[in-house]
Amino acid sequence: MRTVSFDFDSPEARFKVLINHEEQYSLWPADLDVPGGWTETGVCASKEECDKYLEATWTDMRPKSLRLALDGE
């Protein structure tokens, strides 16, 4: 098993914004392989830039299945 050290607070750190099947998002270190169940959104930037993207994009944090159930779809 590979141990990875990553400084999340470094201004040089780059992240990928990932999304899962429930339309939930996650930041992931850009140098690591994307874990199963997640897909890249195409955004790869500093944490600050990723956070701005998420603030504008992820406006409803409920999982997709819950949104659909509550909306009667």
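A nonpolar core is a set of buried Ala, Val, Leu, Ile, Met, Phe, Trp, Tyr and Cys residues joined through side-chain atoms within 4.5 Å, where buried means under 20% relative accessible area with a 1.4 Å probe, protein chains only. The model is predicted, so to speak of local features takes pLDDT of at least 70 and side-chain atom pairs count only at pLDDT 80 or more, while totals for chains, interfaces and linings use all residues. Residues are numbered from 1 along each chain as its sequence is written, and side-chain values use heavy atoms, leaving out hydrogens and water.

**Exercise 1.** Find the largest nonpolar core and the elements that supply it.

*Solution.* Start with the members: Ala13, Phe15, Val17, Tyr25, Val43, Ala45, Cys50, Leu54 and Trp58, nine residues in all. Helices (H or I, at least four residues) and strands (E, at least two) are DSSP runs, numbered from the N terminus.

Now zoom in on phenylalanine 15. Beyond its neighbours within four places in sequence, its contacts (heavy atoms within 4.5 Å) include Leu27, Trp28, Val43, Ala45 and Cys50.

**Exercise 2.** Work out the fold pattern and how spread out the chain is.

*Solution.* First, count two helices and three strands. Along the sequence they run β-β-β-α-α. The radius of gyration is 14 Å, well over the 11 Å from the globule rule for 73 residues, so the chain is more spread out than a compact globule. That radius is taken over C-alpha atoms, and the rule is 2.2 Å times the number of residues to the power 0.38. Finally, 25% of the 73 residues count as buried.

Terms used: Buried means under 20% relative accessible area, exposed over 50%, partly exposed in between (1.4 Å probe, protein chains only).
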